Amino acid sequence: MSTLTQPALDEARIDRPGRASNILAVVRLHLVNRYSVFAVPWMIMAGIFVVNVAIWWIIFASVSNEADRMDARDGLEYSGALFYIFVYMLVLGIQSVAYTFPFALGFSVTRRDFWLGSALTFIALSAFFSACLTVLASIEVATHGWGLGGTMFASFYFGGADASWIERFGLYFASYLFFYFVGATIATIYQRWRNNGMLVVFGTLGLVMIAGIALVSFTNSWPSVGAWFDSNGPSGVIAWSLVPTVIAAITGYFILRRATPKN
Amino acid sequence: MSAVVEVSHLTRRFGDTTAVDDVSFSVQKNTIHGLLGRNGAGKTTLMQLLTGQDFATRGEIRVFGEQPVENSGVLKNVCFIKESQRYPDDFKPRHVFTSAPWFFPNWDAALADRLIADFRLPLNRRIKKLSRGQLSAIGVIVGLASRAPLTFFDEPYLGLDAVARQIFYDRLLEDFGEHPRTVILSTHLIDEVSNLLEHVLVIDEGKLLIDQDAETLRGSATTVVGTRQGVDAFVADREVLHRDGVGGLASVTVGRLTPQDRARATEMGLELSPVSLQQLVVRLTGSSRTSSSQTVLEQSA
């Protein structure tokens with residue numbers, strides 16, 4: 001077939017919009033269903049907040065001694081309430097590849113543009129939600145725990161009550177990015193290799209963890225592992241999460257490059 | 001005429017199954033092609049290869065003169081509607097139609113609105129809760145309103161009722177007349193679309209059996225009906241595509257007949273009837289003896 005080597009026959013006739021517009025279209029596609037992207041996270045957050053306020057109020061009402069109140073307040077610093085919101089982001093990250101990727105390919109998007117558009121969406125959403133949490137944390141600190149001495153946003157894991165707003169923002173941001181990208185990358189493994197891929201990856205991960213634990217145990221290194229966590233503090237650990245986030249973002253791209261959506 | 005799609009020696013293997021087996025053909029611009037074949041014949045895989053969704057094991061694909069994989073310039077001009085299309089979990093049809101124009105530069109919103117009304121598609125119901133037919137309607141609407149220069153429909157109307165299917169055929173022809181484009185349609189309802197098709201590709205077990213314009217194909221086989229003796233005498237030296245018989249009567253399908261053949265058959269008191277596209281495909285792909293049937297058609301074409 002000699003015709004195959006001819007230059008593009010329809011060069012003049014086919015549309016070639018810029019790459020940026022393709023990537024932007026993917027971002028808009030991720031955000032088109034405002035309900036699940038914006039409304040649901042806020043509803044989850046509001047639900048958790050209401051439950052927490054109720055608990056703070058119970059503590060506040062039943063503890064009248066000022067010293068005991070301070071004690072309770074110290075305990076509340078270790079609130080893991082925000083964790084749920086990050087789990088939802090992990091789910092959104094998974095769904096963005098599990099559902100939106102096959103759909104976007106049906107809309108003639110390249111895998112490259114899909115991944116870049118998704119990454120941009122994750123970064124934008126992480127920045128937006130982090131900004132909101134930062135504002136809420138500032139209100140929390142300013143009102144002395146919503147008037148009840150409670151802690152949800154300015155918890156120990158995100159710098160505690162004394163952190164600067166920029167430090168808090170950075171920690172939220174890194175956490176959001178981690179859950180979005182890790183979720184999306186797990187989903188790319190499924191898109192590429194289906195169930196077998198998931199089994200191999202999680203099996204390998206399990207083995208690696210056991211091997212790691214064995215290594216640390218046999219070399220009596222637990223104290224130094226503890227020291228690492230201690231010296232970095234929660235903020236340092238969250239900052240270090242950027243490393244697996246970046247690794248996930250890059251491997252996800254290469255896994256998806258050769259993936260074919262199937263039903 | 002120029003070729004929009006050119007495929008040469010295309011092969012796609014999954015493990016030890018060969019879904020597409022050394023296929024070569026080209027698709028001319030602004031024609032409606034039928035891609036016919038049984039379940040699992042390789043139709044969807046072939047379309048996935050042509051739209052860059054799947055990767056060839058061997059061979060070459062050119063769409064608008066370029067290879068389609070990860071080629072956004074080419075893909076922008078392609079729309080692939082497949083029966084098994086997945087939608088994001090919480091999507092409603094309105095999300096699909098809101099986002100479609102961002103991806104298809106030629107999107108016609110007025111046409112989409114008209115089709116939504118024609119198909120009576122509820123826009124605000126979650127896609128998960130739609131019926132099979134309504135789900136298909138979404139695909140059909142996107143396929144028509146996107147006006148992509150190259151549009152693939154893979155079993156587009158599973159679950160659509162007869163009225164809705166007729167709407168699809170009518171709108172397709174109507175819009176095709178005003179905005180010519182290249183359409184590749186795969187379907188099981190061959191008789192329904194046979195008037196629509198200008199060119200037919202038949203694929204079976206990954207191999208391309210027929211690549212021919214529909215007009216030629218329609219006259220390429222004839223069924224001869226009459227007494228067993230008469231029919232046997234008439235078809236004695238011809239290759240037989242299919243044979244049926246009840247008692248002393250026989251019905252035999254053979255390849256193309258010349259006017260002399262026809263005259264002779266009439267003299268012998270035999271009845272001749274044209275074989276529909278659907279019957280032809282059934283006869284060609286229904287047996288395992290496809291290779292000999294194919295030879296008959298090639299000789300008679």
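Residues are numbered from 1 along each chain as its sequence is written, while chains are lettered from A and ligands numbered from 1 in the order in which they are written. Since the model is predicted, local features need pLDDT of at least 70 and side-chain atom pairs count only at pLDDT 80 or more, while totals for chains, interfaces and linings use all residues.

## Chain A

Let us start with chain A, which has 9 helices and 0 strands. Helices here are DSSP runs of H or I with at least four residues, strands are runs of E with at least two, and both are numbered from the N terminus. Read from the N terminus on, the elements go α-α-α-α-α-α-α-α-α.

How does the radius of gyration of chain A stand against that of a compact globule of 263 residues? Chain A has 23 Å, whereas such a globule would be near 18 Å. The radius is taken over C-alpha atoms, and the globule rule is 2.2 Å times the number of residues to the power 0.38. Along the principal axes, the C-alpha atoms of chain A fill a box of roughly 90 × 50 × 30 Å.

Of the 263 residues of chain A, 34% count as buried. A residue is buried if 20 or more other C-beta atoms lie within 10 Å of its own, exposed if 12 or fewer, and partly exposed in between, with C-beta atoms placed from the backbone. Among contacts in chain A between residues at least 6 apart in sequence, 82% join residues at least 24 apart. Two residues are in contact if their C-beta atoms, placed from the backbone, lie within 7 Å.

## Two residues with positive phi

Ser108(A) is not a glycine, yet its phi is positive at about 65°. Ser108(A) sits in the loop between helix H4 (83-106) and helix H5 (111-142) of chain A, and it counts as buried because it has 24 C-beta neighbours inside 10 Å.

In chain B, Phe64(B) has a positive phi near 50°, again in a residue other than glycine. Phe64(B) belongs to the loop between S4 and H2 of chain B and is buried, with 27 other C-beta atoms within 10 Å.

## The sheets of chain B

Strands of a sheet pair through backbone hydrogen bonds, either parallel or antiparallel. Two strands count as paired if DSSP finds at least two bridges between them.

One open sheet of chain B has 3 strands in the order S2-S1-S4, with antiparallel pairing. Strand S2 (17-28) and S4 of chain B stand at the edges with a single partner strand each, so one side of each has no neighbour in the sheet. From one strand to the next, the twist averages 15°. Helix H1 (residues 43-50) of chain B lies across S1, S2 and S4 of chain B and runs at about 60° to S2(B). That angle is taken between N-to-C directions, from 0 to 180 degrees, with axes fitted to C-alpha atoms and, for helices, over the stretch in contact.

Another open sheet of chain B has 4 strands in the order S11-S12-S10-S13, also with antiparallel pairing. Its edges are strand S11 (240-246) and strand S13 (271-274) of chain B; each has a single partner strand, so one side of each is left without a neighbour in the sheet. Neighbouring strands of this sheet are turned by 20° against each other on average, direction ignored.

Strand S3 (residues 32-36) of chain B is largely enclosed by the rest of the structure, because 5 of its 5 residues are buried. In a regular strand the side chains alternate between the two faces of the sheet. From S3(B), Ile32(B), Gly34(B) and Leu36(B) point one way, and His33(B) and Leu35(B) the other.

| Strand pair | Sense and bridges | Residue pair |
|---|---|---|
| S1(B) and S4(B) | antiparallel, 5 bridges | Val5(B) and Val63(B) |
| S3(B) and S8(B) | parallel, 4 bridges | Leu36(B) and Val202(B) |
| S11(B) and S12(B) | antiparallel, 6 bridges | His242(B) and Thr253(B) |

## Where the chains meet

Finally, 39 residues of chain B are in contact with 39 residues of chain A. Elements of chain B that each supply at least two residues to this side include strand S1 (3-14), strand S5 (78-82) and helix H3 (93-103). H3(B) gives the most, with 6 residues. By class, the side of chain B that touches chain A has 15 nonpolar, 13 polar and 11 charged residues. Ala, Val, Leu, Ile, Met, Phe, Trp, Tyr, Cys and Pro count as nonpolar, Asp, Glu, Lys and Arg as charged, and the others, Gly among them, as polar.
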